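Good morning, colleagues. Please look at the sequence and the structure on the screen, and I shall then take you through several of its elements in turn.

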Amino acid sequence: HSFPTRRSSDLLGGAARRLWREQRRPAWLRLDDAGAIAEAGGALARYGLDGAAPGWAAVDALPVLAGLDAAAVVECVEVAAGVFADVHVVDGGWVLLLDATDGAEQRRALQQRANEISLLRDDLERRNADLEKARARTEELLRAVLPASVAARMQAGEREIADAFDAATLLYSDIAGFAGLVERMEARDLARLLNEVFAAFDACTETHGLEPLKTHGDVYVCAAGVPEPRDDHAQAAAALARDMLKAAARFSDPDGRPLGLRIGLHTGPVVAGIVGARRLAYDLWGDAAALAGQMDLYGLPGAIQVTEPTYERLKDAFPLERRGTFYIRGRGPTTTYLLL
């Protein structure tokens, strides 16, 4: 809208009074063709223009006018210390200033709040990222100590995990003469050797789709058919045992002799589940686990000893030979076989 060229007092009509009521406290300048102030009125002191006199260069009095077109609006510009105005340049040489200080303060408050929200959002994103890393680390640790399917059940909220399996084949192995290695080897060298051997065994179990269940000293335990039932558990355990013998042959003791790995297999019913509160462990219980451990304990270095139930499941697919009948405490005479 253009201001009519009449006395400034005439401009203080209804529109100006409304602006006063809205706390916009208007002030105005009329400029001549040379850009000098011809007349001024309104709340000039509010905008630091109380000294503006006719003949002054408008740009000196109000620098925001520099470079503006004949008609323009500059919103919320600071025209005096802490005072903001909307500056309207109107055709005909009129400049109108409307107080925008309250709006500027609201904008600053909103901007500050937006900055706070942005900081909170960034902090929340960092916390979520940290939680995600912690969750991933927890999953990684669970899968390191528990079979994957069991770890998944725990993460789903299941707390008491114990399952009975009608038939599974358990594999126990240990290193013959390990006690002597403990006495002869440096602690770090011994730990490094065991880590390398067990890592090789882990690779074998992964190849055959099985999972290591636990280690104790030099004892390495795996089960076929636990925790995932499978019909070919005996065949899978036998194939794994033969690969473990080959893997162990790549390692040697301080004298350069290959490690004498003993492996025992037994097939039967077993119960498996999680025990422990601070340190979780997936363990095996039952006569089958005990007998598999004895097959390993009374086995031969570099050989795989199996019980008769395992022999019955393997005899049509694997070469075996009868080793003999032995008295095993708690079981009496027990016939065993060697998987060739």
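**An enclosed helix, a helix pair and a sheet**

I begin with helix H9, residues 287–297, in which 8 of the 11 residues are buried, so this helix is largely enclosed by the rest of the structure. Please bear in mind throughout that this is a predicted model. Which residues of H9 are the buried ones? They are Ala288, Ala289, Leu291, Ala292, Gly293, Gln294, Met295 and Asp296. As for their surroundings, these buried residues pack against six strands, namely S6 (162–175), S9 (261–275), S10 (281–285), S11 (303–307), S12 (320–328) and S13 (332–339).

I turn next to a pair of helices. Helix H7 spans residues 187–207 and helix H8 spans residues 233–248; their axes come within 9 Å and cross at roughly 150 degrees. The cut-off for calling two helices roughly antiparallel is an angle over 145 degrees, and H7 and H8 are therefore roughly antiparallel to each other. The handedness of their crossing is right-handed. On the H7 side, the contact is made by Ala200, Phe201, Cys204 and Thr205, while H8 contributes Leu240, Asp243, Met244, Ala247 and Ala248. Sorted by class, this contact between H7 and H8 comprises 7 nonpolar residues, 1 polar residue and 1 charged residue.

Is glycine 209 buried or exposed? Its relative accessibility is 56%, so glycine 209 counts as exposed. Between the C-alpha atoms of glycine 209 and proline 309 there is a separation of 22 Å, the two residues being 100 residues apart along the chain.

My last topic is a sheet. It is an open sheet of 5 strands, with antiparallel pairing and the order S2-S1-S5-S4-S3. Which strands stand at the edges? They are S2 (37–42) and S3 (72–80), and each has a single partner strand, so one side of each is left without a neighbour in the sheet. On average, and with direction ignored, neighbouring strands of this sheet are turned by 20 degrees against each other. Within the sheet, strand S4 (residues 83–90) pairs with strand S5 (residues 94–99) in the antiparallel sense over 6 bridges. Aspartate 86, for its part, has leucine 98 of S5 as its bridge partner.

Thank you for your attention.

Definitions and conventions:
Residues are numbered from 1 along each chain as its sequence is written. This is a predicted model: local features need pLDDT of at least 70, side-chain atom pairs count only at pLDDT 80 or more; totals for chains, interfaces and linings use all residues. Side-chain values use heavy atoms; hydrogens and water are left out. Axes are lines fitted to C-alpha atoms, for helices over the stretch in contact, and angles run from 0 to 180 degrees between N-to-C directions. Helices (H or I, at least four residues) and strands (E, at least two) are DSSP runs, numbered from the N terminus. Angles under 35 degrees count as roughly parallel, over 145 as roughly antiparallel, 65 to 115 as roughly perpendicular and the rest as oblique. A crossing is left-handed if the near helix is turned anticlockwise from the far one by less than a right angle, and right-handed if clockwise. Contact means heavy atoms within 4.5 Å. Ala, Val, Leu, Ile, Met, Phe, Trp, Tyr, Cys and Pro count as nonpolar, Asp, Glu, Lys and Arg as charged, and the others, Gly among them, as polar. Buried means under 20% relative accessible area, exposed over 50%, partly exposed in between (1.4 Å probe, protein chains only). Two strands pair if DSSP finds at least two bridges between them.
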